[in-house]
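Q: Could you show me how to read helix packing and a chain interface?

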Amino acid sequence: MLAIARQRILGQSFQKIRPAVSVLRSYSSAAKQITVREALNSALDEEMSADPKVFLMGEEVGEYQGAYKITKGLLEKYGPERVLDTPITEAGFTGIGVGAAYYGLKPVVEFMTFNFSMQAIDHIINSAAKSNYMSAGQISVPIVFRGPNGAAAGVGAQHSQCYASWYASCPGLKVLSPYNSEDARGLLKAAIRDPDPVVFLENELLYGESFPVSDEVLDSSFCIPIGKAKIEREGKDVTITAFSKMVGYALKAAEILEKDGIHAEVINLRSIRPLDRSTINASVRKTNRLVTVEEGFPQHGVGAEICASVVEESFAYLDAPVERIAGADVPMPYAANLERMAVPQIEDIVRAARRACYRSVPLAAAA
Amino acid sequence: MATAFSAPKLAAQPFNTISPTSQHKPLISPTAASPFLGSTRKLLRLSSSSQLNLRRRSSGSVFAVSDIVKEKKSTSIPSLLITKEEGLELYEDMVLGRAFEDMCAQMYYRGKMFGFVHLYNGQEAISTGFIKLLKQQDSVVSTYRDHVHALSKGVPARAVMSELFGKTTGCCRGQGGSMHMFSSEHNLIGGFAFIGEGIPVATGAAFSSKYRREVLKEADCDHVTLAFFGDGTCNNGQFFECLNMAALWKLPIVFVVENNLWAIGMSHLRATSDPQIYKKGPAFGMPGVHVDGMDVLKVREVAKEAIARARRGEGPTLVECETYRFRGHSLADPDELRDPTEKAHYAARDPITALKKYLIENNLSGEAELKAIDKKIDELLEDAVEFADESPLPPRSQLLENVFADPKGFGIGPDGRYRCEDPKFTEGTAHV
């Protein structure tokens, strides 16, 4: 927790010194590191300059430089006609974005957090997701809805919900959730180029974290496929699936498990819809155990879908019951210690993985 | 009452729109010569002595247009509002709308049509009056009561009827239905089932027209969008959000309120604190106009000005058309709450009969010609029903089609092609 806080402060202080887009020069170390914020900003910048039909709209995206500074510098560069500060009217401006997308423009609609998207969810689902189907292919909606999703630090119940499972249950939408800077850049570029509505779930606490990136990631045509998960760490004993911030936790849990001789395979889902069932199932067939991790509410969550999919397709390969780690089944409390209990922590993932690994070991052989 | 607030504003208007007594009295007073003919109140004659001017003065003006055309008609040498061709076009369109909806009712009771069907009988003057002034590239956004908007915009009757029967030859291949009529060729974008859902989408379509002209530099793009919606929608938050943004960004849109005084069984007067919807326009900085929606010629005059205003880039207009639906909210609605005298009053003001009378009295056409049009439309509809009947149902393979524009939903790669076409896509996991 402290480490994350320190990294955030570092990230933010660097942000103040450095101009928006030149991300590389201030770090003189060997591997290039960029924060998720810079990754998103550069992705938006490049896509806007490549295609004049791309425009941004949302609250505070322009003169305020973005509520979380993701759209910093873009107003100066592209002008108020392409970076629109909207009034506080989620339903209205989301609908306007959808209407503009019907006519071939490519809006990127920012929600200050995805909690506010509930005021506009009618447009995301009914006018955007379903339109291509209802019009039998006549009207496609190349729109991106992006913003921070899930719990932040101490923001209370109405600002902390994770919407991955809500949006991912709806056909006609693509739902992406990046973890590191490479994911953020690649997936956002893929989302903007995509001809269908995409819900892009970021994470506020990851914005300030830096990750190493290769030159290929920084290239302006870099794009990650939608619908493919990434195996962040190979292993053979248990499969841990996660998305967004939980990937970081899972990787740390895997390091702890390594010391116990449990080699965990960590899958970064990247794409919640379409879900990469083939990668997950292939991994479970290799390791025979599954632990799904997510931050959202447990009932009808992403983990529930993954578990069902694995049970349906790879039942014979399972050596232990599937394990689901999710947020607590309560609205997010405010008190810091309660909040920590309401969100999965690294210890929870480690415990679940251990449970998954020992359950089918006969008692006589337990060491 | 609410009207008290608008009194000082109207007093400052440069011209006298309505007789001074009207705006100062509360709406429910039966003695006020209110331009707004509320349904459950005593019906009033408009004072024909007020002097009215059709042309818009400044933005923010509020006036009722109902008297204007009456005035013009009663002066000695009338300059006719329409030519013969235009008159016949309007007549044919309205008869098509009416006959189509009647045919829908028949088909519904025969079991060929199902689900929710909302008919437009009685409101044809608005659809014809507005949509017949549009170009093909202008957009129309409607609600679930969209059959006639589709027909006026040019979608063939065959395509609409097939869509209603759920056949694969329908305008949306049977996947949309009665409430979701889309045609990208005719720029009819919906068909929305949710109240108020179409308004922001229409505002977005207008936004795209402005964006094309100013940012993408397509200099001749002056497309206008019409958003049609009802009186119930005018109490919805999205309506106000869009009035604000359309006026703020001066979008080329006309908000057309089809005020038929009833939202299913909820009377407009029971649901709205200030029932005069046209007054809500100036609160956001756009002109608000009230017009008699049972008279296609009056609607057309107002529509001409509003659409021209939008095309010139002067921004949005709110037009409230007072109209009535002769049938219930939908074919499943028993329609018990509406007063029969009210229904009779509006039935006497049937827009088609009124236009017919106008055409004959002004020697623009004769009975025989109009009857020939009626017959032509009947034949057209018989053909449409036959076509829809004989069309096949959608095949099983169509179920999973059109979910995404992108064939398998995996997005577009950096080379610009669909990912699923790349043979390497399914190899291993994604990596950088």
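A: Gladly. Angles under 35 degrees count as roughly parallel, over 145 as roughly antiparallel, 65 to 115 as roughly perpendicular and the rest as oblique. This is a predicted model, where local features need pLDDT of at least 70, side-chain atom pairs count only at pLDDT 80 or more, and totals for chains, interfaces and linings use all residues. Residues are numbered from 1 along each chain as its sequence is written, chains are lettered from A in the order in which they are written, and side-chain values use heavy atoms, without hydrogens and water.

Q: At what angle do α7(B) and α15(B) pack?
A: Helix α7 (residues 157-165) of chain B packs at about 45° to helix α15 (residues 367-390) of chain B, their axes 8 Å apart. The two are therefore oblique to each other, and their crossing is right-handed.

Q: Which residues of α7(B) and α15(B) meet?
A: Contact means heavy atoms within 4.5 Å. Among the residues that meet are B:Met161 and B:Phe165 in α7(B), and B:Leu380 and B:Phe387 in α15(B).

Q: How is the area buried between chain A and chain B read?
A: The size of an interface is often given as the accessible area lost when the parts come together. Here that area (1.4 Å probe, summed over both parts) is about 4800 Å², with 65% from carbon and sulfur atoms. The contact takes 62 residues from chain A and 56 residues from chain B.

Q: How many salt bridges are there between chain A and chain B?
A: A salt bridge is a side-chain nitrogen of Lys or Arg within 4 Å of a carboxyl oxygen of Asp or Glu. The count is one; A:Lys174 and B:Asp406 meet in a salt bridge at 2.6 Å, N to O.

Technical notes. Axes are lines fitted to C-alpha atoms, for helices over the stretch in contact, and angles run from 0 to 180 degrees between N-to-C directions. Helices (H or I, at least four residues) and strands (E, at least two) are DSSP runs, numbered from the N terminus. A crossing is left-handed if the near helix is turned anticlockwise from the far one by less than a right angle, and right-handed if clockwise. Buried area is the accessible area (1.4 Å probe) that two parts lose on being put together, summed over both.
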